[in-house]
Amino acid sequence: MEELENFRAFVREFAESEVKPIAAQIDKTGEFPSEIIKKMGKLGLLGIPFSKEYGGTGCDNIRYAIGVEEISRVCGSTGITMAAHTSLGTFPIYAFGTEEQKKKYVTRLASGACLGAFGLTEPNAGSDAAGTQTTAVLKDGHYVLNGSKIFITSASIAEIFVITAVTDKSKGVHGISGFIVEKGTKGFSIGKHEDKLGLRGSNTCEFSFEGCIIPKEALLGELGQGFKVFMKTLDGGRVSIGAMALGIAQGALDESVKFVKQNKEVSNNQIIKKMLADMATEISTARFLVYHAATLEDKGKTVTKESAMAKLYASAVAMRASNWAIQIHGIEGYTKKYPVERFIRDAKLTEIGEGTSEIQRLVIARELLKS
Amino acid sequence: MNFNLTENQKMLQEMARKFAQKEITPEKIAEHEKMKKFPKELFSKLAELGLAGITINSKYNGAEMDTVSLTIAIEEVSKVFASLGINLLAHNLGAIAVELFGTAEQKEKFLSAVSIGDKICTVGLLDANYKTNKAEEIADGYVINGKHFIVNGEIADLYIIFSVLNGKVSAFILEKEAKGKEINNIETMGLNSSSFSELMLKGCKLSKENIMKDDINIEEIISIGRIGISALGIGISQACLDSSIEYSKKRVQFDEPICNFNLMQEMLTEMEMQTSGARLLTYNAAFLRDQKQSFSKEATIAKLYSSQSVVKSALSAIQIHGGYGYTKDYAVERYFRDAKATELLFGTTELHKTEIAKTLIK
């Protein structure tokens, strides 16, 4: 559709002129691209699927997917920062928050005034996301949080956090609740910054709560509804990671085509042509899966299976495409002269974060085997 | 068929393994990787163990062992620190080139020092398309031009350079002081401590003493190099497997160690199968050389299989380690970055696919 292509062109122009020039640098130094993120906020790229009423851009999930794809095509680190902020940091409040919470927090997040983060993962709750050990005890009319979270994107930059904590241990999965916590709350401290294989320009940290007091109003959704909040959040997050992976794969293809055009001897090889053809075909397939999931979201459907498929497939495509891209560039593809070695380092996370590929497969199988 | 190592080979394996465990500590690795520094002290220790001239004749201070032994040494070192593994390979390969193609004077002058690691050696092969490397005879010697990707770049005392002279492959020994040469350190995805560099030769003038013998069998050097890269890959692959087994036994999710889950088991099995297959192919190629049989095709097949396998193994290892595998807290992300080089050095995977087919159809 023409409007979608206009939106794509708009994001691509920004990505090529502003984001691409800093991508290699932030990968090298681990520096967070604050200026770029600010600009993205001003352009409405940090609140694409949220209504204007709450400070968003008033677009849909398909444009959001395209936005993440185009940014990730040039810079995975900026792509994941955008995706985590939107799908993990802002969406849960947008979908489950009270009117007051939405007015207070979504407006700041969707406009890009500040970044949001999502604290689900813990040292003992990775793939077993429901194995939450952080506790929230109701005491004297407020909640007291204790526990730690790890691998949280943008943790030391974000100002608003959505976290999960156990409010009733006896209820198992239905004893987990969601909460909104603000940066700087006493007893809430950011810990170790992770040194990562890729996405090195994105900020990934631990944080912990030690007797952290938050108001009763910080409860997000109903008490004991935390599992539902985070599962729904992950469904959307998986579409965004699928879009991110799609972007990286497209970037790998574009770089490869550019290289082959400039190096005629390489272009004569059928094995190289096969790689380009397979990359392009798989990317097209991944695109359909990602956009299909996004379209279903826009129709208000539950996308548990479709989002898992989109992420599972697109992440595998990103890995294959970036791996082939290095081969196409030969030994120089192994050096930092070309961006392709960064692409595969960035792509690998898409097979792990927001649910490993193994978990995605179990999710899909479970959906298929439901009576 | 006897697939067992000889007593000497077993002793070498034991010695290399002990060295790797005791001397190549995680702290030393981290330091070199961070500073992107050639591990000179570790290399010197390897030389002390006789590993700087593994296959070289004892009259030149070599250990006079066989190709299988060279393979073992590379595998054991690479299991712990692949950068050091490739340094060791490049150095030994240079030594082999001098022993095979050096004039009597060159062997006298250099080989004994090289075999004890007093002079560090490296090899600059021809570029993929043989286009940039050219040598020309001039009045009192030769002038060479070209570009070579090498390891041990900043630390090497001797560069064994292959070039094309009058349409024929020729080899030269360049010393550190030679003019008209430029070494540029290159930042790479992995093998960060190998001193990966670009050697640029621009009107590099050499005297007649620097040219090696007339009959250069570059294929032999490339094939031994491929066996070495294959061994490097096996070492990394084994490290990936060992790390994954250990992690999956201790990591508990859903109330069980994750090694109990079928999808983890599938990955472990594939890693074991691939590593075993690569090992057999590689050691067979080395053995063929030791039996003085032709081994080029086998070396290339081994390298093709080992390199593709180790990349898969390393990616599976990261996957098994989950989020932790994506951080530098665990070695698996480095195993992957190091592993990827094996699909590109001494020829790419794609090149090998054509080369091997050509041997089948001729």
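Mentor: The side chains of K192(A) and D329(B) meet in a salt bridge, with 2.4 Å from N to O. A salt bridge here is a side-chain nitrogen of Lys or Arg within 4 Å of a carboxyl oxygen of Asp or Glu. By that rule, three salt bridges cross the interface of chain A and chain B. The elements that give two or more residues to the side of chain A that touches chain B are β3 (142–153), α8 (270–298), α9 (304–329), α10 (340–348) and α11 (357–369) of chain A. The largest share of that side, five residues, comes from α10(A). Helices (H or I, at least four residues) and strands (E, at least two) are DSSP runs, numbered from the N terminus.

This is a predicted model, in which local features need pLDDT of at least 70 and side-chain atom pairs count only at pLDDT 80 or more, while totals for chains, interfaces and linings use all residues. Residues are numbered from 1 along each chain as its sequence is written, chains are lettered from A and ligands numbered from 1 in the order in which they are written, and side-chain values use heavy atoms, with hydrogens and water left out.

Between chain A and chain B, 23 residue pairs are in polar contact, both residues at pLDDT 80 or more. A polar contact is a pair of N or O atoms within 3.5 Å; within protein, one must be able to donate a hydrogen and the other to accept it, and residues adjacent in sequence count only if both atoms are side-chain atoms. The contact takes 43 residues from chain A and 42 residues from chain B, where contact means heavy atoms within 4.5 Å. The area buried between the chains is about 3600 Å², and carbon and sulfur atoms give 63% of it. Buried area is the accessible area (1.4 Å probe) that two parts lose on being put together, summed over both. L197(A), Q327(A) and Y334(A) supply 22% of the area that chain A buries against chain B, more than any other three residues.

Over all chains, a search of the whole structure finds 50 salt bridges. One of them joins E70(A) and R12(A), with the closest N and O atoms 2.7 Å apart. E70(A) lies in helix α3 (residues 61–74) of chain A and R12(A) in helix α1 (residues 2–29) of chain A, so the pair ties together parts that are 58 residues apart in sequence. E70(A) is buried, at 0% relative accessible area, whereas R12(A) is partly exposed at 28%. Buried means under 20% relative accessible area, exposed over 50%, and partly exposed in between (1.4 Å probe, protein chains only). Both residues belong to a network of salt bridges that links E5(A), R8(A), R12(A), E69(A), E70(A) and R287(A).

K39(A) forms a salt bridge with E18(A), the closest N and O atoms being 2.8 Å apart. K39(A) is in helix α2 (residues 34–42) of chain A and E18(A) in helix α1 of chain A, 21 residues apart. K39(A) is partly exposed at 37% relative accessibility, and E18(A) is partly exposed at 28%.

D254(A) pairs with R73(A) in a salt bridge, at 2.7 Å between the closest N and O atoms. This pair links helix α6 (residues 226–262) of chain A, which holds D254(A), to helix α3 of chain A, which holds R73(A), 181 residues apart. D254(A) is partly exposed at 26% relative accessible area, while R73(A) counts as buried at 11%.
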